[in-house]
Amino acid sequence: MRVLVINGPNLKRLDLREKSVYGNFDYKTLENFVTGAAKELGIESEIRQTDDEAELIGWLHEAADKKLPVIINPAAFTHYSYAIRDAVLMLKAPVIEVHISNPLSREEFRHTSVVSGVVNGTISGFGLNSYRLALSAMKNLLVDLAK
Ligand code: DQA
């Protein structure tokens, strides 16, 4: 069971962002947390981050071609990137949207996700645990699909 975990813009600089919103940890901690949580669930994970929309879309194309399941935190792209939505639509395996914060409790522009309508489900607001919950949900989806 292999899952690609994709993080969008500004997440590499988590330690420099609003601590009251994102908590007090850096991107390396997020990476280690995701890798560890995946291992506990028996999932092989590959975690990537980019600030570049084109690169992120390229990774989604790669996941589509390889039929890889995807967990994606599109970060600010969530709120306006129809290009990412279109690329997500081409995925062949399950895809879960995650957010560290709860965008619905923040500024109004964050209340829209152009991605939510084309994913299997969205998990928001649990800090790093959003990723653990997404990995666990992904495992259930993949187990069900294999039946
Ligand atoms: C985020 C929420 C987005 O609104 C924001 O632009 C981010 C991070 C989150 O994980 O909470 O960069 O996706």
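**View 1. P9 and the residues around it.** Setting aside neighbours within four places in sequence, P9 is in contact (heavy atoms within 4.5 Å) with R17, Q49, T50, D51, P74, A75, A76 and F77. You'll find P9 in the loop between β1 and α1 (19–22); helices (H or I, at least four residues) and strands (E, at least two) are DSSP runs, numbered from the N terminus. P9 counts as buried because its relative accessibility is 10%, and buried means under 20% relative accessible area, with exposed over 50% and partly exposed in between (1.4 Å probe, protein chains only). From P9 to G42 it's 33 residues in sequence and 28 Å in space, C-alpha to C-alpha.

A word on what you're looking at: this is a predicted model, where local features need pLDDT of at least 70, side-chain atom pairs count only at pLDDT 80 or more, and totals for chains, interfaces and linings use all residues. Residues are numbered from 1 along each chain as its sequence is written, and side-chain values use heavy atoms, with hydrogens and water left out.

View 2. Around the ligand sit R17, Y22, N73, A75, A76, H79, H99, I100, S101, R106 and R110, each with a heavy atom within 4 Å of it. Polar side-chain atoms come up to ligand oxygen atoms here: one of R17 at 3.0 Å, one of N73 at 2.8 Å and one of H79 at 2.7 Å. On its own the ligand exposes 320 Å², and the protein buries 99% of that (areas by the Shrake-Rupley method with a 1.4 Å probe).

**View 3. H99 in strand β4.** H99 is found in β4, and it is buried because its relative accessible area is 6%. The side chains of H99 and E97 are joined by a polar contact of 2.7 Å (a pair of N or O atoms within 3.5 Å; within protein, one must be able to donate a hydrogen and the other to accept it, and residues adjacent in sequence count only if both atoms are side-chain atoms). Leaving aside neighbours within four places in sequence, H99 also has contacts that include N73, P74, T122 and S130.

**View 4. L30 and the largest nonpolar core.** This core has 26 residues, and L30, I71, I100 and Y131 touch the most other members. A nonpolar core is a set of buried Ala, Val, Leu, Ile, Met, Phe, Trp, Tyr and Cys residues joined through side-chain atoms within 4.5 Å. Two or more residues each come from β1 (2–7), α2 (27–40), β4 (95–99) and α5 (129–146), and α2 gives the most, with six.
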